[in-house]
Amino acid sequence: MFLAGNQRLIRHANRLAILREVRREPGISRSGLAARTGLTRTAIGRLVDGLCAEGWLCEGPRQVAPGVGRRPTPLTFDGFRRVLLGAHLDGERSRLVATTLGGEVLEFSASPVDGYAGPQALVVLVEQVAALRLRLRAEGRQICGLGVAVPDLVLRHAGLRPPDGAVMPSGPSLRERLGSALRGQGIVDLPVMVERAINCVALHHAETLSAAGGHGAALYLHVGEDVAAAVMHGDALMRGRLGLAGHVAHQTLDVNGPLCSCGRPGCAQALLGLEALRRELGLPRLLSAPALQTELRSRLQAGHELTRAALTGLAGHLGRLLFNLARVHAPDVIHVGGAIFVPGFDPLEEARRRLEGLYQGEPSPRLQAMRSDAQAVAQGAASVMLREMLEGPACAPA
Ligand SMILES: [Zn+2]
């Protein structure tokens, strides 16, 4: 076996296995861990003691159990010493959240930025991280990783270093540029992970639903400046090659449709994104998403039929895209969110009608609106970082 000759590697793999089990079942006992992992009670005891001493795990009070015998001690993630950071760069704000390993939010801040992930946005994010790091250190906490969520269009232009080591496109990846900016502030030991924003949304949403008992195969679709999808099956996120599974923006929906920014006609992005609404309604191309939403809301309140017709047409395209995606991924439920939701208009009504029509009487997946607060994407980015750490070398013993 590959691990047999390397005791340190085996120990590291066993530590990760324990952390993954505690994450899956907070409150699990040492004997529960032994049953799940196949390790001996002695080995579990030694590894858990080490993880507790390093601030990964903590032990709760022994549970009061009926009958005789040794009462189990529940193990959970340490809620104090180790902290995860999650950031969301959406082109207008750099949002930064600090959470415990268990996902509890400790701090949240948002600063305006000019553009998605250019030098100015990275300077703002690094300043936020540096200030937060000082405060957390003063409290005796240690940051163990930073997850950064960016929309697909940033990854297309800024580059993502995917797990297989390839670089796309040429030039330093966003992860490398951010690492360099952090080192410039003297932050040299912080693992960084860059992830698609929609994957972070999906992960955060799935974890919330999972805590409430929800599960199954789920598709997540964001429609705003960008059109992006994520696929989850239970707890598993499908990332795909280059980490770009679910990159649906340039899926062709209508070969006779308007020209997309990619040069092809009728892409989902050209028919569904906010750019499509601006074009349909003759609004300025540079009108921001919040300003566009305000304009749409006031037009709907004034009974502007052209606006309602444009939104209804967009929702019809949404139904067609959802049908295509649902045919491929067969989800139980599809969650849709983003700036496409405007007070006074529910795009899912028309999308559902179109979707059910295309299914021609067959059962179609449930459609649900996905509303998330300002910090949800950043929280998801912190969760992505934790997952990366539990799969990689970040929690190796010092
Ligand atoms: Zn396109």
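Strand β11 (residues 333-337) runs parallel to β12, and 4 bridges join the two. One of these pairings can be picked out by residue: H335 has Q368 of β12 as its bridge partner. In this predicted model, both strands belong to an open sheet of 5 strands with mixed pairing, in the order β10-β9-β8-β11-β12. Which strands form the edges of this sheet? They are β10 (236-237) and β12 (366-369), each of which pairs on one side only.

Two helices accompany this sheet. Helix α11 (residues 305-329) packs on it and touches β8 (217-223), β9 (227-233) and β11. The direction of α11 makes about 150 degrees with that of β8. Helix α12 (residues 347-359) lies across β11 and β12, and runs at about 165 degrees to β12.

**The other sheet**

Now look earlier in the chain. Here, too, 5 strands form an open sheet with mixed pairing, and their order is β5-β4-β3-β6-β7. The edge strands are β5 (105-112) and β7 (192-196), each pairing on one side only. How are neighbouring strands of this sheet turned against each other? On average the turn is 20 degrees, direction ignored.

In general, strands of a sheet pair through backbone hydrogen bonds, either parallel or antiparallel.

Helix α4 (residues 119-138) lies across β3 (82-89), β4, β5 and β6 (142-150), and runs at about 30 degrees to β4. Helix α13 (residues 376-391) touches β3, β4, β5, β6 and β7, with a direction that makes about 130 degrees with that of β3.

Helix α1 (residues 7-24) packs with helix α2 (residues 30-37), and α2 in turn crosses helix α3 (residues 41-53). The table sets out both pairs.

| Helix pair | Angle | Axes |
|---|---|---|
| α1 and α2 | about 115 degrees | 10 Å apart |
| α2 and α3 | roughly 115 degrees | come within 9 Å |

Why can α1 be called roughly perpendicular to α2? Their angle is about 115 degrees, and angles of 65 to 115 degrees count as roughly perpendicular, so α1 is roughly perpendicular to α2. The crossing of these two helices is right-handed. On the α1 side the contact is made by A17, I18 and E21, and on the α2 side by L33, R36 and T37. Sorted by class, this contact has 3 nonpolar, 1 polar and 2 charged residues.

α2 also passes α3 in a right-handed crossing. Here R30, S31, L33 and A34 of α2 meet R41, I44, G45 and V48 of α3. By class, the contact of α2 with α3 has 4 nonpolar, 2 polar and 2 charged residues.

**Confidence along the chain**

How confident is the prediction? The average pLDDT of the chain is 86, and 89% of the residues score at least 70. Residues 158-169 have a pLDDT below 50, and this stretch has 25 contacts in the model beyond near neighbours in sequence. The pLDDT is also below 50 over residues 394-398, a stretch with 11 contacts beyond near neighbours in sequence.

Terms used: Residues numbered from 1 in each chain as written. Predicted model: local features only at pLDDT ≥ 70, side-chain atom pairs only at ≥ 80, totals over all residues. pLDDT = per-residue confidence, 0-100. Contact = placed C-beta atoms within 7 Å. Pairing = 2+ DSSP bridges. Axes fitted to C-alpha atoms, helices over the stretch in contact; angles between N-to-C directions. Parallel < 35°, antiparallel > 145°, perpendicular 65-115°, else oblique. Left-handed = near helix turned anticlockwise from the far one by under 90°. Nonpolar A, V, L, I, M, F, W, Y, C, P; charged D, E, K, R; others polar.
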